[in-house]
Amino acid sequence: MTTVLLTGFPGFLGSALVERLLDRHGDGDALLLLVQARYREAAERRRETLLSDARTDGPGGDPTGSADLPTVDLIEGDITDPNLGAAGTGDADSTAGWDRDALAARTDLVYHLAAVYDLGVDRDLAEAGNGDGTRHVLEFCADACDDGDLDRLHYMSTCYVSGRYDGTFTGELLAEAGPFNNHYEATKHRAEVLVREAAERQGLPATVYRPAIAVGDSTTGKTQKYDGPYYLLDLVRRQRGVAFVPRIGDPHATTLNLVPRNSVGDASDAHRGMADPVGGTYQLCDPNPPTIAGLYRAFGRATGRRVVPVPASARLAKAACEAPLLGDLLRLEPETVPYLTHPTEYAAGATRAALAGTGIEPPAFESYVDALVAYVREHPEITADAMV
């Protein structure tokens, strides 16, 4: 029997990974999903959808059968709390419904995906969710290791721990990161430093994954939030016929590395099944990302607009986004502007070598942009709300 603890459900990447864990784990195994109380109802709905899909897609396609599936339980908690939201340790009558020490004693695998995925997050919230939250999960993992049961921590970082590194950032680099664009990048960098230190100094069996900017499913376009490149898409879509977009620096020289969420889920799940990726850092990124100019062209083609770049400085573009009236018209988040001149490229050599022969590789952006645009068109109710 394998017990898995996962944080970050029912978030964007957490949901995609749970879908794959249902295929990998079976009867007798347990998936425990740590969920904040405010997301409990959404998590319950998402869990039931995933279980229903797994039953239907399983042997015989029996929507009522569950014999081959692991148990999937939600436990209310919060990574910003040192006890992860449990009422206490060693307390069998925990009002939170679970006991931290007992859980650590039987946990075999931990997937830590919970974070504040928001470029505009303020410092305190970023520190609490990304910094303190990761520290608390690492303390839980250390206790699980002391009990001798923890096989692995799978930690979801981001390529953008690079900051504005000028050059090609590889999985081996971390201390070399350049200045950070925002508190999100800075706190995710510090969180990965904590994970590496725990692995190197305490022997924690950890594997780090660094996805690039995750967007919707490459087949369906499905996503849970619109942020990052979706702001640029929204700017193009809201204009008729001709769409004016900011041109900052050389849009033919700057790339934006995007990966669909299903590619992130497939790659991280495939690593889970490999013999020994312990201690590795795997960048889940597009080996041939679109340039900013290519991104604009793809959005224009998919929306039927002719895109016209308007030269502007980064300072002017950011000021325009923040101006009361013009900002409301543009609806372009100021935090998006620095990525139009982001100097960093990302290499996925270790990832491609590890996944050789699996057929898992991020598709070209041009091959799924139509799916992203169609989903946005059909689902205007989705927002850019962040989930911790």
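## Basis of the description

A cavity is a set of grid points where a 1.4 Å probe fits but cannot get out, and its volume is the space filled by probe spheres set on those points. The model described here is predicted.

## Enclosed cavities

The structure holds 2 cavities of 30 Å³ or more. The second largest cavity contains about 30 Å³ of space. Its lining is formed by L13, L17, L113, M156, V264, G265 and S268. By class, this lining comprises 5 nonpolar and 2 polar residues, with no charged residues.

Two helices, α1 (12-24) and α7 (261-272), each supply at least two residues of the lining of the second largest cavity. The largest share, 3 residues, comes from α7. An α-helix has 3.6 residues a turn, so residues three or four places apart point the same way.

## Overall architecture

The protein has 12 helices and 13 strands. Its radius of gyration is 21 Å, close to the 21 Å given by the globule rule for 388 residues, so the protein is as compact as a globular protein of that length. Along the principal axes, the C-alpha atoms fill a box of roughly 60 × 50 × 45 Å.

Of the 388 residues, 53% are buried. Among contacts between residues at least 6 apart in sequence, 81% join residues at least 24 apart. The protein exposes about 16600 Å², and carbon and sulfur atoms supply 49% of this area.

## Helix α6

Burial here denotes a relative accessible area under 20%. The buried residues of α6 are P229, Y230, Y231, L232, L233, L235 and V236.

## The second largest pocket

Helix α6 also gives the most to the lining of the second largest pocket, with 5 residues. This pocket has a volume of about 280 Å³ and is lined by 13 residues. Those that lie nearest its centre are Y226, Y230, D234, I382 and T383. Y230 is also one of the buried residues of α6.

The lining of the second largest pocket divides into 8 nonpolar, 2 polar and 3 charged residues.

How values were computed: Residues numbered from 1 in each chain as written. Predicted model: local features only at pLDDT ≥ 70, side-chain atom pairs only at ≥ 80, totals over all residues. Heavy atoms only, no water. Buried < 20%, exposed > 50% of the residue type's maximum accessible area, 1.4 Å probe, protein only. Helix = DSSP H or I, 4+ residues; strand = E, 2+ residues; numbered from the N terminus. 1 Å grid on protein atoms, 1.4 Å probe; cavity = no way out; pocket = protein on both sides within 12 Å on 5 of 7 lines; lining within 4 Å. Nonpolar A, V, L, I, M, F, W, Y, C, P; charged D, E, K, R; others polar. Rg over C-alpha atoms; globule rule 2.2 N^0.38 Å. Contact = heavy atoms within 4.5 Å. Areas by Shrake-Rupley, 256 points an atom, 1.4 Å probe, with all protein chains shown as cover.
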